Each structure stands twice: as structure tokens, then as C-alpha cells.
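Let's take a friendly walk through one protein model, a few features at a time. Keep the 3D view open as you read.

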Amino acid sequence: MAQPQPGNAAATAHPRGETGYGPSAGTRKPAKMATRDLHVYYGDTHAIQGIDLDIGKNEVTALIGPSGCGKSTFLRCLNRMNDVVDSCRIRGSITIDGTDVYDPNLDVVELRANVGMVFQKPNPFPKSIFDNIAYGPRIHGVTNSKRELNDLVENSLKRAGLWDEVKDRLDLPGSGLSGGQQQRLCIARAIAVGPEVILMDEPCSALDPIATAKVEELIEELRERYTIVIVTHNMQQAARVSQRTAFFHMGEMVEAGETEALFTNPRDDRTQGYITGRFG
């Protein structure tokens with residue numbers, strides 16, 4: 001892949017569009033991550049077009065929009081998952097706490113530990129429940145003893161709301177859990193390495209309503225410790241779990257703002273048409 005152009009930290013001082021610098025900016029939490037004039041190309045396809053977005057610290061930001069509008073592409077830029085796509089080129093700025101995500105000196109492995117990802121379909125490793133959680137801390141040297149590792153596994157499972165359900169079968173395969181439990185296992189695995197941001201790409205789309213409700217409750221609890229960005233096609237879910245929502249359409253971010261305001265009083269007719277089901 002062609003080396004993406006390093007972001008320009010100075011760009012963060014030049015807000016374009018709806019980036020949280022408006023009249024209510026003083027009441028907003030500070031941005032944990034920010035994108036400025038972000039463009040993404042797959043070969044000749046201009047998939048993301050000039051997106052400016054602030055992602056508030058300890059908030060849930062929902063990305064909504066029709067299939068193929070660029071939501072997942074945008075999400076994967078935040079921890080450089082698109083680096084593995086040879087045809088992908090990125091232009092613009094992405095920062096986390098003011099640090100350029102595409103700085104050539106940045107350790108991408110460390111970035112992905114700090115900005116974790118939970119995918120649409122639960123993907124537990126072909127290992128025991130315990131080893132699913134312990135794998136990342138072992139690789140990154142997070143713990144110094146077996147006791148510390150045991151405590152970390154337990155705490156991660158507790159934060160994911162799964163400990164009471166699996167504490168007596170930690171040596172059994174993670175793949176033997178139900179779909180909802182597997183997804184919470186993947187969330188526990190992500191938080192075990194101590195991230196600050198968690199990216200979720202339609203984490204409930206393969207789950208039944210009961211499992212979905214448990215994951216949504218978990219998201220609400222997790223935002224006290226983590227910054228969360230979630231892609232969802234479920235308008236009700238976006239309204240329930242997020243504090244801010246961004247609407248994407250055909251590679252553009254049409255508008256973004258506080259979730260309640262965007263759903264009740266959207267500024268753009270395209271947003272109104274999508275959330276009322278007239279298209280998408």
C-alpha cells in the first residue's frame with residue numbers, strides 16, 4: 001500500500017463542517033480522536049470524502065447510513081486496519097490525543113492495542129475462554145506474573161459482564177459459548193490490553209434481541225472508562241446507546257451532532273429521509 005500522507009497536527013485547529021466547535025462546544029467533552037479533511041481511496045474509488053469529525057472522550061459516537069456509504073471504511077481508518085488493503089490510500093489527518101495516527105514512527109501494533117476493534121461477527125480465537133483473554137496481555141507483556149494475569153482475565157470478563165456466566169469453565173473453548181456470549185468475550189479480549197478507544201463494527205447484527213440488549217447495556221457501562229465508536233444500521237440502537245451520531249451518505253458525512261437533536265431535528269433532508277426510512 002502506498003504510504004498514507006502523515007496527518008497535519010495543525011489541521012486540528014481549523015474546524016470544517018460540524019466538528020463540535022459550535023455554540024455548544026463549551027459543554028462538550030474534549031475530543032479523544034479527531035479527523036480533518038479525511039479522504040480514502042480504493043484504487044480509483046473515492047470512498048471517503050473530506051470528513052471532519054471529533055470523537056468525544058468517554059462518549060459513544062454512532063455512525064449511521066446506508067450500506068456502502070463509508071461507515072466501516074472510516075471506522076477502520078481510526079486504528080489503521082485499512083493498511084492491509086493494498087489499493088487503499090489515505091489523505092488527511094487522524095489524531096488521538098493530538099498524536100498523528102499515521103506518523104511513520106508510530107508503532108501500529110501499539111496503536112491497535114490502544115484503539116481496539118470488535119467485529120460484526122463474533123470471532124473468538126480457537127482457544128479456551130481464559131486464553132482468549134490472556135493472549136493479548138501475554139503478547140504485549142501487560143502482566144508480570146501468573147497471578148496478575150489471572151486477575152486481569154477475571155477483571156476483563158467482569159467488565160464485559162461475562163464473569164458469572166463463565167467463571168467455572170474458563171478452560172473450555174470460547175467457540176462453545178452462545179453468540180451473545182462470544183461477542184462479550186471478544187469485547188473482554190479487546191479491553192484486556194488496556195485500550196482507550198473501542199471500535200465496534202455492527203457488533204449486534206448477528207445477535208438475538210436478548211443478547212443485543214446485554215451488549216447495549218455493556219456499552220453504556222463501558223463508556224465510563226472508554227471512548228466508543230459504533231457502526232450500526234439500527235436507528236433505535238443508535239438512539240439508545242450513543243451521545244453523538246454522524247450520518248454518512250455516499251462517502252460524505254452529511255451531518256453530525258448530539259444524537260437526540262440529530263434524530264428529532266436533522267438539518268439535512270437526506271438525514272431526515274434516512275432516519276424516517278424513505279431510503280437506505
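In which loop is Arg-80 found? Arg-80 sits in the loop between α1 (71–77) and β4 (88–96). Bear in mind that this is a predicted model. The phi angle of Arg-80 is positive, near 60 degrees, and the residue is not a glycine. Arg-80 counts as buried because its relative accessible area, 7%, is under 20%.

Now look at Glu-202, in the loop between β7 (197–201) and α7 (209–222). Glu-202 is another residue other than glycine with a positive phi, near 50 degrees. Its relative accessible area is 15%, so Glu-202 is buried.

## How α3 meets α4

Two packed helices are described by the angle between their axes and the distance between the axes. Here, the axes of helix α3 (residues 129–140) and helix α4 (residues 146–159) come within 9 Å and cross at roughly 120 degrees. That angle is why α3 is called oblique to α4. The crossing is right-handed.

Which residues of α3 meet α4? They are Phe-130, Ile-133, Ala-134, Pro-137 and Arg-138, and their partners in α4 include Leu-149, Leu-152 and Val-153.

## What covers α3, and what follows

The buried residues of α3 are Ile-129, Phe-130, Asn-132, Ile-133, Ala-134, Gly-136 and Pro-137. Among the elements covering them are α4, α5 (163–166) and α6 (179–191).

After α3 comes Gly-141, with a positive phi near 65 degrees.

Definitions and conventions:
Residues numbered from 1 in each chain as written. Predicted model: local features only at pLDDT ≥ 70, side-chain atom pairs only at ≥ 80, totals over all residues. Heavy atoms only, no water. Axes fitted to C-alpha atoms, helices over the stretch in contact; angles between N-to-C directions. Helix = DSSP H or I, 4+ residues; strand = E, 2+ residues; numbered from the N terminus. Parallel < 35°, antiparallel > 145°, perpendicular 65-115°, else oblique. Left-handed = near helix turned anticlockwise from the far one by under 90°. Contact = heavy atoms within 4.5 Å. Buried < 20%, exposed > 50% of the residue type's maximum accessible area, 1.4 Å probe, protein only.
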